Amino acid sequence: MPELPEVEYTARQLRSSIVGAAIYKAHVFWERTIGYPDLDTFLIEVSGRCIEAVRRRGKYLVVDLEGDLFLSIHRRMTGNLLLLPPGWEVDTSLRERDAAAWSTRGPSFFAASPSTPTSPTSLASSTDLGKNWYCRVCFDLADGRRLLYIDPRKFGRIELWSRDCEAVAFKGLGPEPLSTAFRAEQLAQALAGRKSSIKQVLLAQEVVAGIGNIYADEALYYASIHPLRRADSLRPAEIELLHEGIVAVLTRAIEHGGTTFSGYRDLWGEAGDNFNHVRVYQQDGKPCLRCGTLVERIVIGQRSAHFCPSCQKLTLE
DNA sequence: ATTTAGACCTGTCAGC
DNA sequence: TGCTGACAGGTCTAAA
């Protein structure tokens, strides 16, 4: 679910809130969320560690811990991080409707009201309050706060690595699109020889790290390129524009706090605003902002793609 | 060597 | 109201 902008936004919030804090203890309620190492080692190694820094690599959120370790968190489709202030109770009791699912799904947490209203108030005013948070992992911090990993679909993974294993933990990840080292020439080189559609190539993390379905569609719209164009058929001027579009679209999304169309929430439980600034993603049936033609939706590689058939023509060359 | 369908998972929403 | 099918910010693996 979260793509680069959502992960970046969360990383920034975490950086200004939990660096310097210590993990007192971790609780894991869905074992498969821990991808590496084994659960026992994870629980032992994580406890007592101070949080030194928070970074992002592609769609991975990276939490550096003392002792040259780091947590890598990949939220996949529906993962979210939520920081609970001290005093918030985490209710482990089952809600009625979950009783039947207990044996297969395990306990699901939801955040209860704080005894005294605490900032951030958004948690208290959130419509999500009282609804099930599907907590899969809970990190108790030494200062009483709790960092919850919420993930209804359970696709997300959290791993604990030694700092000298970074190459292994992030193997196969391409360049960071928002680093100054990412140039149009580099993108051109990555596209050369790729026969599949540009849409699918943009989703390949070894080409550019962090682009997902939303921002691939948005970047292609920016550059007026049809998503089905063969990647190796793009002309230099188009690649230049696509490069510009990738940077513009990701940067704008971070400024808007990420794209929420259903589940994405920031560290305080707030929705992002970028869905209000999206041009084509899930806008099928609505008029293109540039020419008025209705935006269309097609399926490419089992993922939906949205584009304007007038602005993004499938030219033959 | 690539492409593609299936797996992993559960919630929500439209339509009958 | 209830059921069914489509669809959802991702990525890995097995089969074609």
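The model is predicted. Chain A contains nine helices and 13 strands, and 38% of its 317 residues count as buried.

**Overall make-up**
- Contacts that join residues at least 24 apart account for 64% of those in chain A between residues at least 6 apart in sequence.

**The four-stranded open sheet**
- Four strands are arranged in the order β1-β9-β10-β6 to form an open sheet, and their pairing is antiparallel.
- Strands β1 (23–28) and β6 (80–84) are the edges of this sheet, since each pairs on one side only.
- Direction ignored, neighbouring strands of the sheet are turned against each other by 15° on average.
- Strand pairing in a sheet, whether parallel or antiparallel, is made through backbone hydrogen bonds.
- Strand β1 runs antiparallel to strand β9 (residues 135–141), and five bridges join the two.
- Within β9, L141 is the bridge partner of I23.

**Surroundings of D64**
- Strand β4, which spans residues 60–65, includes D64.
- D64 counts as partly exposed because it has 18 C-beta neighbours inside 10 Å, whereas a buried residue would need 20 or more.
- Leaving aside residues up to four places away in sequence, D64 touches E52, A53, R55 and F70.
- V54 is ten residues from D64 along the chain, and the C-alpha atoms of the two are separated by 6.0 Å.

Notes. Residues numbered from 1 in each chain as written. Chains lettered and ligands numbered in written order. Predicted model: local features only at pLDDT ≥ 70, side-chain atom pairs only at ≥ 80, totals over all residues. Buried ≥ 20, exposed ≤ 12 C-beta atoms within 10 Å, placed from the backbone. Contact = placed C-beta atoms within 7 Å. Pairing = 2+ DSSP bridges. Axes fitted to C-alpha atoms, helices over the stretch in contact; angles between N-to-C directions.
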